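Hello,

Here is the structure I promised to pass on. My notes follow below it.

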Amino acid sequence: MFSPQEPSRPVPPPIPALEEIRSIILTNLIGATSAELDRAALNGILSGLEGKIELVSAPVAPLSRTSAPLINKTAVYDNDYGYLRVDRVSAGLAKEFDSTFANLRIGGELEGLILDLRFAKGVDYSEAASLVDRFLKKEKKLLKVGARTIWSTAKRNAISVPVAVLVNSKTVGSAEALAALMRRSNVGLLIGADTAGGVSQFREFTLSNGQRLRVATGPLLFGEGEVLVGGAVQPDIEIDVAVEDELAYLDNAYRILPDDLST
């Protein structure tokens with residue numbers, strides 16, 4: 001008897017040489033300049049390797065997001081449940097969280113908090129640990145970043161409300177570390193889909209123009225040395241939702257999608 005053979009997979013075409021593409025564009029595209037092409041190529045590299053590399057202190061506007069808020073949406077539902085959507089886990093997030101959370105509590109103590117990390121990104125793991133520290137009463141080893149070990153601090157005013165953490169396949173880098181730390185510290189319940197798998201140690205390189213490039217160089221160590229298998233964080237409660245549908249909902253929660261229309 002013959003066992004059935006698996007169908008052969010198509011072989012992807014070879015990647016064209018970047019210099020060849022560059023030469024053709026500069027020679028033939030109307031108005032194309034070398035500087036413009038370099039900018040487009042760099043933006044493409046940063047986008048394609050998002051979560052694995054990051055350009056820091058970039059003075060060029062298209063490559064810098066420092067002016068955008070780190071928390072881009074807040075709400076209180078049913079007068080008792082706070083909601084925070086994080087854009088990126090970068091320097092200053094913990095302090096921004098402090099003021100935002102205080103504003104959410106103006107109407108009274110909250111019964112719970114939703115921390116939305118869907119589509120959040122970043123490579124600042126120290127800031128992820130700083131935010132988690134707000135919820136911890138005792139000293140605890142959180143992360144080892146390079147030669148530095150980051151601990152939580154003992155305190156009496158730790159936040160004690162139940163937390164639901166929303167994640168998806170576009171939760172990247174230090175946003176993934178934040179989600180993992182929330183669960184490891186028994187602070188939050190993770191809901192959604194597996195994260196992107198971009199949790200890594202980073203090394204910083206100073207460039208000739210003064211900017212700094214952060215590059216993933218190895219696994220990030222949690223607690224006593226635990227490494228995330230595959231680099232991804234798995235949710236406690238899995239919800240299968242297409243990324244496109246999540247984006248559409250975040251853009252307009254009240255929009256009626258075409259599939260929902262009845263004749």
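Predicted model: local features only at pLDDT ≥ 70, side-chain atom pairs only at ≥ 80, totals over all residues.

Residues are numbered from 1 along each chain as its sequence is written, and side-chain values use heavy atoms, leaving out hydrogens and water.

Helices (H or I, at least four residues) and strands (E, at least two) are DSSP runs, numbered from the N terminus.

Helix α4 covers residues 125–133 and helix α5 residues 174–184; they pack at about 30°, with axes 9 Å apart (lines fitted to C-alpha atoms, for helices over the stretch in contact; angles run from 0 to 180 degrees between N-to-C directions). That makes α4 roughly parallel to α5 (under 35 degrees). Tyr-125, Ala-128, Ala-129, Leu-131 and Val-132 of α4 meet Ser-174, Ala-177, Leu-178, Leu-181 and Met-182 of α5 (contact: heavy atoms within 4.5 Å).

There is also an open sheet of three strands, ordered β6-β5-β11 with antiparallel pairing (at least two DSSP bridges between two strands). Its edge strands are β6 (148–151) and β11 (221–222). Two bridges join β5 (residues 141–145) to β11, and Lys-144 stands opposite Leu-221 in β11. Helix α4 packs on this sheet, touching β5 and β6, and its direction makes about 175° with that of β5.

Best wishes

Technical notes: Parallel < 35°, antiparallel > 145°, perpendicular 65-115°, else oblique.
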